[in-house]
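This short report looks at charged pairs and at the nonpolar core. Take a look at the fold before reading on.

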Amino acid sequence: MNTYSASGKLEGAKALRGEKVLTGRDWNSTDKFTFLLEAPEGFVGVPMPEGAIGGRATVEVTQPEDSPADAPVSFNFGDITYTKPGVYTYEIRESAESSTLNPGVSASEALYEVTVTVADEGHTGSLKVTSEMKKLLSDDGDKVEQPATSASFVNEYDTQEVKWAPIGAKEYADSTDARPLEQGMF
């Protein structure tokens, strides 16, 4: 019995690359940004780079040498090997939960989609792997849909504006029953 198998590789340095830009101040030793590569919800069994855990690959970016503000810091996910033809979809995002965002530094909400097409080269034992990247959300979380060659995430340092959503409650207790709560009382 003969068995046919084929494989192909997506080069992470070319197809799964990105850059981190910190504006408003120089990098410091406590800055850490974590990026995720994962299949969209509902997609199971999608090949991942070596070292991925639970269908998710991560890359951390920390203070680079000679790190002035506004200078892009490059990163990329590892290579992915495919053994079956098909179309595979991935998302690249910054993880606000795993990143260390110092006071005054915004979180990037940018979202990128990478579509990988794997085709059999005609029983030669190799698979042709091509990819296309699109930006779906801007750093502010606004919908955009535009082609991209690299995933770019911009975090802004701004001490003049801090986004904060205060939550509070006012409780009133009248133990004398002489002054009931009225509209506009407080």
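## Salt bridges overall

A salt bridge here is a side-chain nitrogen of Lys or Arg within 4 Å of a carboxyl oxygen of Asp or Glu. The model is predicted. Across the whole structure, a search finds nine salt bridges. Side chains of opposite charge can pair when their charged atoms come close.

## A buried pair

One of the salt bridges joins R25 and D31. Their closest N and O atoms are 2.8 Å apart. Are these two residues buried or exposed? Both R25 and D31 are buried.

## K134 and its two partners

K134 forms a salt bridge with E113. The closest N and O atoms of this pair are 3.8 Å apart. K134 belongs to strand 9, residues 127–137, and E113 to strand 8, residues 111–120, so the bridge ties together parts 21 residues apart in sequence. K134 counts as partly exposed, because its relative accessibility is 22% and the partly exposed range runs between under 20% for buried and over 50% for exposed. E113 has a relative accessible area of 18%, so E113 is buried.

K134 also forms a salt bridge with E145. Here the closest N and O atoms are 3.4 Å apart. E145 sits in strand 10, residues 143–148, and K134 in strand 9, so this pair links distant parts of the chain, eleven residues apart. E145 is exposed, with a relative accessible area of 60%.

## The largest nonpolar core

In soluble globular proteins, nonpolar side chains tend to be buried together. The largest nonpolar core in this model has 35 residues. Within this core, L37, F77, Y82, Y90, I92 and V116 touch the most other members. Several strands give two or more residues to the core, including strand 3 (32–38), strand 4 (56–62), strand 7 (86–100) and strand 11 (151–156). Strands 8 and 9 are also among them. Which strand gives the most? Strand 8 does, with four residues.

## Around V116

V116 is one of the core residues that touch the most other members. Neighbours within four places in sequence are left aside here. Beyond them, V116 is in contact with L10, Y82, G86, V87, Y88, Y90, V129, T130 and S131.

Notes. Residues numbered from 1 in each chain as written. Predicted model: local features only at pLDDT ≥ 70, side-chain atom pairs only at ≥ 80, totals over all residues. Heavy atoms only, no water. Buried < 20%, exposed > 50% of the residue type's maximum accessible area, 1.4 Å probe, protein only. Core = buried A, V, L, I, M, F, W, Y, C linked by side-chain atoms within 4.5 Å. Contact = heavy atoms within 4.5 Å.
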